[in-house]
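Me: I would like to learn how to read strands, helices and turns in a model. Please take one feature at a time.

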Amino acid sequence: MFDRYEGGEKALLVHVFFPQESDIEDLKEFEVLVTSAQIEILGTITTSRNAPQVKYFVGQGKAQEIADAVKEHDASVILVNHSLTPAQERNLERLCECRVVDRTGLILDIFAQRARTHEGKLQVELAQLRHLSTRLVRGWTHLERQKGGIGLRGPGETQLETDRRLLRNRIQLILSRLTKVEKQREQGRQSRFKADIPTVSLVGYTNAGKSTLFNAITGANVYAADQLFATLDPTLRRINVDDVGETVLADTVGFIRHLPHDLVAAFKATLQETKEASLLLHVIDAADPHLLDNIAAVDEVLTEIEADEIPVLMVMNKIDLLDDFKPRIDRDDRGKPIRVWLSAQKNQGLELLFSALTELLARQIKRCQLSLPPHMAKLRSRLYQLNAVEAETINDTGSFQLQIRIPLIEWNRLCKQDHNLIDFIQKDTVN
């Protein structure tokens, strides 16, 4: 329907400084976004305004300056670091005779490049279609099926109306497929809830190092790169935390300032893992001079998806980029962990993170001595898998004498699987 721009194109960037948003860092971040989309930056045009202009977003004179720069540099696309209305996009395109893409369109394009799973591709397509649905007019101003004249008058359907109908049908189809995916995820969450398995979700600003930390903790091979939105598709892995037992760790999409609402809506199924987590690990780039702004941007999105009431542990990542900084745990007045300083890239301080997780998620612990006969070797193996065996001896009859330390929930789960387990207890305590 539209000739979408591809990587390798040459672009002019446009940024408007408003009194309430005068931070130059927003422009630098936009430049990183453009580079992430594999687009060459020919130049940047900036201006200051108190409010957007209705017709071009920028002033009339600045719009003409952009048009002249397009011809001078032979640019193939204009990228605007703001959200434009469909009319503003169309007016700028007519004046500059060049493709115009706003910040939302650019982020959607990056997401389209990075989506790997079927679900991720569906979510991106849904966001793109919702974004394009208000921009169909410019694609068909030259073509119409209605005709006039004798014998040709009467009701008809324009090409624009046809495309809108097809677009609505496609959106409904995608929504129905995503509904199935959401039901599958909900079943998984319900299973974990019934088994009382806690979920820890990684959240944070894009490129804060979430996937690197996820790989370091789980030994997974999730794609991690020094670029914005390297991760789109959620990945779940089980880890074992002392005094907690099996815990699910979820890696999620990174947040960014002015995250398009279409994306938040499209990624509802993905963000649900964050919304229903037992604990959020807010991963922060400790070496970023603007980390406070990034934290505020993440908190804003968490509020938007109604996940702001979930307990949070801040993970100050990338301390290897700071001078003489050692891993440590910061605590509040009650001694509760609130921040962990570590480096996922260098595997520094990960043991402190697990220690903090134990303190925040720990449950009642059952200690007991078991005397298992030789034919119970399968149960013995399961106890070792749960890291529940503190000591073991074998007596003259071949029975296993085990000193057990296990979360009470895990013990109750084992008892449900093997009702005779209680008969093998010699000493029993719970604390």
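Me: How many residues lie between β13 and β14 in their hairpin, and which residue in the turn has a positive phi?

Reply: This is a predicted model. Five residues lie between β13 and β14 in the hairpin. The turn residue with a positive phi, of about 90°, is G398.

Me: How many bridges join β13 to β14, and in what sense do they run?

Reply: Strands of a sheet pair through backbone hydrogen bonds, either parallel or antiparallel. Here β13 (residues 389-394) and β14 run antiparallel, joined by five bridges. One of the pairs is A391 with Q403 of β14. Strand β12 (residues 365-372) also pairs with β14 in the antiparallel sense, over eight bridges, and there Q369 has Q403 as its bridge partner.

Me: Why is β14 said to be largely enclosed?

Reply: Burial is counted residue by residue, with buried meaning under 20% relative accessible area. In β14 (residues 400-407), six of the eight residues are buried, so the strand is largely enclosed by the rest of the structure.

Me: In what order do the strands of the seven-stranded sheet stand?

Reply: The order is β6-β7-β5-β8-β9-β11-β10, in an open sheet with mixed pairing. The edges are β6 (235-241) and β10 (328-331); each has a single partner strand, so one side of each is left without a neighbour in the sheet. On average, neighbouring strands are turned by 25° against each other, direction ignored.

Me: Which strands does helix α10 touch as it packs on this sheet?

Reply: Helix α10 (residues 291-304) touches β5, β8 (279-285) and β9 (312-317), and its direction makes about 150° with that of β8. As for β5 (residues 199-204), it pairs with β7 (residues 245-251) in the parallel sense over four bridges, with V200 opposite L249 in β7.

Me: What span should helix α11 have, at 1.5 Å a residue?

Reply: The twelve residues of α11 (residues 350-361) should span 16 Å, and the end C-alpha atoms are 16 Å apart, which agrees. An α-helix has 3.6 residues a turn, so residues three or four places apart point the same way. The buried residues of α11 are L350, L353, A356, L357, T358 and L361.

Me: Which elements do the buried residues of α3 pack against?

Reply: They pack against α2 (60-73), β3 (77-80) and β4 (99-102). The buried residues of α3 (residues 86-96) include Q88, N91, L92 and C96. After α3 comes E97, which has a positive phi near 50°.

How values were computed
Residues numbered from 1 in each chain as written. Predicted model: local features only at pLDDT ≥ 70, side-chain atom pairs only at ≥ 80, totals over all residues. Heavy atoms only, no water. Pairing = 2+ DSSP bridges. Helix = DSSP H or I, 4+ residues; strand = E, 2+ residues; numbered from the N terminus. Axes fitted to C-alpha atoms, helices over the stretch in contact; angles between N-to-C directions. Contact = heavy atoms within 4.5 Å. Expected span 1.5 Å × (residues − 1). Buried < 20%, exposed > 50% of the residue type's maximum accessible area, 1.4 Å probe, protein only.
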